[in-house]
Number of protein chains: 2
Amino acid sequence: MSLLEDLNWRHAAKAYDPNIKVSPEDLNKILEAARLAPTSSGLQPFRVIVVENQDLKEKMVAGALNPEVMRDCSHVLVFAAWDRYSAEKIDQVYDHHTTVRDLPQGRFSSYTDQLKNIYGAQTPDEHFAHTARQTYIALGLAMAQAAELKIDSTPAEGFSNEVVDGILALKELGLKSVTLLYLGYRDEKTDWLATMKKVRIPMEEFIVMK
Amino acid sequence: MSLLEDLNWRHAAKAYDPNIKVSPEDLNKILEAARLAPTSSGLQPFRVIVVENQDLKEKMVAGALNPEVMRDCSHVLVFAAWDRYSAEKIDQVYDHHTTVRDLPQGRFSSYTDQLKNIYGAQTPDEHFAHTARQTYIALGLAMAQAAELKIDSTPAEGFSNEVVDGILALKELGLKSVTLLYLGYRDEKTDWLATMKKVRIPMEEFIVMK
């Protein structure tokens, strides 16, 4: 199957069968697609929290627009972005780069100095606006990987960030929740969107040729 | 090839061969992946401007971090988000949905009323913060599609939004540039990143199991 076939196959599932779980092997492939997502300056300024525990899910539904979807899905992935950039975090990432590439430590220091200057002049709110954007790249690739495996997924912004951040103690990790991705297998009888035609605006409206 | 193989194959190309163009068929597949990207409430609040014209590219390089990459690539895709939501735009999208699905006009009015209330209470800056995020899903899927076709790509936030918006007259379209995606074929001799090992943080650091 091609990516385009997978993207045409998928939809945002509106109901899950609570009795079918995503296998550890498949879950790992979905997480790997998110991990391989390109990000600004390669900083990967977010983490993915994997929630399978039903008690935790029950607590996280408070304030969610589709509580039954969260309850019945197999796993909830929480895409949570760094609450701020710091010189220390930037160095950690690039020290890892030089180690993996067997290059001298500090090989990228002129570049990381630039990054530190740019982010050093910004507020934490500006940082988070930027780190949050990066999570959407990984969110999209995780959905594409799920579709390749014929696993259903539902991206969700409609939840209480306060509730989720609190339950998962994200502040202590320097993270703030951005989006959720529900994973599992649709309930054919109740997923009303499954039988509806996919709708996108026509290509001639979507693009502007210059 | 699988998505994971494609993601491992790709990197952000640092130099392009100016003599090799992406074919119209391949370009269309990349745009189709962006068009199929899921977005919040299905509103697709962005457009993709396709720039192949060399004179336009030369004008857009002012303020770009990697001017030679923009110059030498085959095509520049400009991901540009709605500068604001409006009741009219929401109705346009959902009128299209009901038409394509052969449903009565207004079938989703309770939902679109909710959307209008939510966005009606927000500022244009809040709107753009949200529409801009959605573009990253499409950016990621466009890169994945390019990789499937063994076409190189380079995502870029390092450019002058003011210059690009002005040259492409985006304000008149109710759009603001968010990211660029350079497409083309790497120059093997000068693309220094092509031979370097891909680096990502280890899976055990990237995920938090709950």
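**Notes on a two-chain model**

1. Let's start at one residue: Ser153(B) has a relative accessible area of 2%, so Ser153(B) is buried. (Buried is under 20% relative accessible area, exposed is over 50%, and partly exposed lies in between, with a 1.4 Å probe and protein chains only.) Ser153(B) sits in strand 3 of chain B, residues 152-156. Helices here are DSSP runs of H or I with at least four residues, strands are runs of E with at least two, and both are numbered from the N terminus.

2. Before going on, a word on what you are looking at. This is a predicted model, where local features need pLDDT of at least 70 and side-chain atom pairs count only at pLDDT 80 or more, while totals for chains, interfaces and linings use all residues. Residues are numbered from 1 along each chain as its sequence is written, chains are lettered from A and ligands numbered from 1 in the order in which they are written, and side-chain values use heavy atoms, leaving out hydrogens and water.

3. Setting aside neighbours within four places in sequence, Ser153(B) is in contact (heavy atoms within 4.5 Å) with His11(B), Ala12(B), Ala13(B), Tyr16(B), Met143(B), Ala146(B), Leu181(B), Tyr182(B) and Leu183(B).

4. Now the overall layout of chain A. There are nine helices and five strands, and from the N terminus they run α-α-β-α-α-β-α-α-α-β-α-β-α-β. The C-alpha trace of chain A spans about 55 × 50 × 30 Å along its principal axes. Of the 210 residues in chain A, 54% are buried. Take the contacts in chain A between residues at least 6 apart in sequence: 80% of them join residues at least 24 apart.

5. How do the two chains relate? Chain A can be laid on chain B by a turn of 180° and a shift of 0.0 Å along the axis, with an RMSD of 0.0 Å. The copies are thus related as by a two-fold rotation axis. (The superposition is by least squares on the C-alpha atoms of residues with pLDDT of at least 70 in both copies.) Also, 100% of the interface residues of chain A are interface residues in chain B too, so the copies meet through the same surface.

6. On to the inside. As background, nonpolar side chains tend to be buried together in soluble globular proteins. Not counting residues up to four places away, Leu77(B) touches residues including Leu27(B), Ile30(B), Val48(B), Val50(B), Leu181(B) and Leu183(B).

7. Met60(A) is worth a click. Met60(A) is in helix 3 of chain A, residues 54-60, and counts as buried at 0% relative accessibility. Val163(A) is 103 residues away from Met60(A) along the chain, yet their C-alpha atoms are separated by 6.4 Å. Beyond four places in sequence, Met60(A) touches Val51(A), Met70(A), Val76(A), Val78(A), Val163(A), Val164(A), Ile167(A) and Leu168(A).

8. Ala33(B) is buried, with 0% relative accessibility. Past its neighbours within four places, Ala33(B) is in contact with Leu3(A), Leu4(A) and Leu7(A), along with Leu141(B), Ala142(B) and Gln145(B).

9. How many cavities of 30 Å³ or more are there in the whole structure? The search finds one. (On a 1 Å grid over the protein atoms alone, a cavity is a set of points where a 1.4 Å probe fits but cannot get out; a pocket is an open set with protein on both sides within 12 Å along at least five of seven lines; lining residues have an atom within 4 Å of a point.) The largest cavity has a volume of about 60 Å³. Its lining comes from both chains, including Met1(A), Asp6(A), Glu148(A), Met1(B), Ser2(B) and Glu148(B). Ser2(B) lies in the segment before helix 1 of chain B and is partly exposed at 22% relative accessible area.

10. Finally, the second largest pocket. Its lining has 14 residues, and Arg47(A), Trp82(A), Lys89(A), Gln92(A) and Glu205(B) lie nearest its centre. Helix 5 of chain A (residues 87-100) gives the most to this lining, with five residues.

Methods:
Grid points are joined across faces, edges and corners, and a volume is the space filled by probe spheres set on the points.
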